[in-house]
Structure formats: structure tokens, C-alpha cells
Amino acid sequence: MGDTRSFYEQVHQIARLIPKGRVTTYGAIAKALGASRSSRMVGTAMIHAHDPRLKVPAHRVVNRNGLLTGKHHYDTQNQMQELLENEGITIEDDKVKDFKKLFWDPLTELLY
DNA sequence: GTGTTGACCCCAA
DNA sequence: TTTGGGGCCAACA
């Protein structure tokens, strides 16, 4: 409300809060911003987040099934997977193993 | 002001 | 189980 920052910038701020070794979803970020129907925009915001100066862990954002839908936007086919595995996450078939356990919901985990 | 584009999501069959 | 179609809306041309 009355926020003049771009939607992308707001998405980036939330994404920076995702703990190492955890993941969240496009939809969850959208919901946390009060724009639950704008999940596609969250994905678009991740394309802009590719700039390392922004320090946005875009690899920790996956779709609602734990699928690595954004992997094609990285330099190599398995870079996203490697980044996650470096944080202790196991990937099977382009999906996050134990997704439910590793899922970090900005709404329930942030404000309590 | 209009049209197009998506790193999505939901639901029906 | 897997597909396919419709809806969504911020940003950009």
C-alpha cells in the first residue's frame, strides 16, 4: 500500500530473507506481498535478480511442486541444482527432495 | 492507450 | 497419473 518501490524490488527483498538450505515458492512470495495472483511476476523478477550485485538467492525459489522451473535461465543446465546441493539440498529429477520439510513460508515463518 | 510476454497456479478430464 | 486450457497482472514495446 502506498509503496513506490517496484514489484520486482519488493520480491527481491523477500527473497533475500530465505535461509540457506531452505526454499520457497513463487506463489508464497506473491502472497506475502499481498498479491497472491501475481506469482508469474515473481518469476519474472527472478530474471532481473540474475545480477550478482543484487544478492538475491534466486535458486532458492522453485514452483509449488518443488520443481526447478528456473534452471534454464542459468549459464549451464545444472548450475541451479549445484547451488542448492552446495547448501545441503538433494535434487532428484529436477525436484527438491523433502520439499515440504525445507519449504520456508515468508508469511508463517516471518511474522509470529 | 493497446498488445504481448511470461523462472506460475488452479482445475477439469 | 499426466495433459491441457484459462486466468492472472506487472513490465515493456
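# Close-up views of a predicted protein–DNA model

**View 1. Phe 99 is buried, with a relative accessibility of 14%.** The structure is a predicted model. Phe 99 counts as buried because its value is under 20%. Phe 103, at a relative accessible area of 24%, is partly exposed. The search of the whole structure for aromatic pairs gives 1. That pair consists of Phe 99 and Phe 103, whose ring centres are 5.8 Å apart. Their planes meet at 50°, so the pair is described as tilted. A pair of aromatic rings is described by two values, the distance of the centres and the angle of the planes.

**View 2. Two aspartates, Asp 94 and Asp 98, have a positive phi.** For Asp 94, phi is about 65°, although this residue is not a glycine. Asp 94 sits in the loop between strand E3 (91-92) and strand E4 (95-96). With 28% relative accessibility, Asp 94 is partly exposed. Asp 98, also not a glycine, has a phi near 55°. Its loop runs between E4 and helix H5 (99-102). Asp 98 is partly exposed too, with a relative accessible area of 44%.

**View 3. DNA strand B is surrounded by 16 residues.** The closest of these are Tyr 26, Met 41, Ile 47, Arg 64 and Gly 70. Among the atoms of DNA strand B that come within 4 Å of the protein, 48% belong to sugar and phosphate. Where do the polar contacts with the bases of DNA strand B fall? One base nitrogen contact involves the side chain of Tyr 26, where an N or O atom is 3.0 Å away. A polar backbone atom of Met 46 is 3.2 Å from a base nitrogen of DNA strand B. H3 has the largest share, with 6 residues. By class, the surface near DNA strand B holds 7 nonpolar, 7 polar and 2 charged residues.

**View 4. Ser 6, Phe 7, Tyr 8, Arg 37, Ser 38, Arg 40, Met 41 and His 48 lie around DNA strand C.** Sugar or phosphate makes up 63% of the atoms of DNA strand C within 4 Å of the protein, and bases make up the rest. A phosphate oxygen of DNA strand C lies 3.0 Å from a backbone N or O atom of Phe 7. Arg 40 reaches a base: an N or O atom in its side chain is 3.2 Å from a base oxygen of DNA strand C. Helix H1 (7-15) and H3 each give at least two residues to this surface. H3 supplies the largest share, 3 residues. The surface near DNA strand C has 3 nonpolar, 3 polar and 2 charged residues.

**View 5. The largest pocket holds about 440 Å³ of space.** This pocket is lined by 22 residues, and the closest to its centre are Met 46, His 50, Ala 58, His 59 and Tyr 74. At least two lining residues come from each of H3 and helix H4 (79-85). The lining of the largest pocket comprises 12 nonpolar, 6 polar and 4 charged residues.

Note on methods. Residues are numbered from 1 along each chain as its sequence is written. Chains are lettered from A and ligands numbered from 1 in the order in which they are written. This is a predicted model: local features need pLDDT of at least 70, side-chain atom pairs count only at pLDDT 80 or more; totals for chains, interfaces and linings use all residues. Side-chain values use heavy atoms; hydrogens and water are left out. Helices (H or I, at least four residues) and strands (E, at least two) are DSSP runs, numbered from the N terminus. Buried means under 20% relative accessible area, exposed over 50%, partly exposed in between (1.4 Å probe, protein chains only). A residue is near a molecule or strand if one of its heavy atoms lies within 4 Å of it. A polar contact is a pair of N or O atoms within 3.5 Å; within protein, one must be able to donate a hydrogen and the other to accept it, and residues adjacent in sequence count only if both atoms are side-chain atoms. Ala, Val, Leu, Ile, Met, Phe, Trp, Tyr, Cys and Pro count as nonpolar, Asp, Glu, Lys and Arg as charged, and the others, Gly among them, as polar. On a 1 Å grid over the protein atoms alone, a cavity is a set of points where a 1.4 Å probe fits but cannot get out, and a pocket is an open set with protein on both sides within 12 Å along at least five of seven lines; lining residues have an atom within 4 Å of a point. Grid points are joined across faces, edges and corners, and a volume is the space filled by probe spheres set on the points. Rings of Phe, Tyr and Trp (its six-membered ring) pair if their centres lie within 6.5 Å; planes under 30 degrees apart count as stacked, over 60 as edge-to-face and the rest as tilted.
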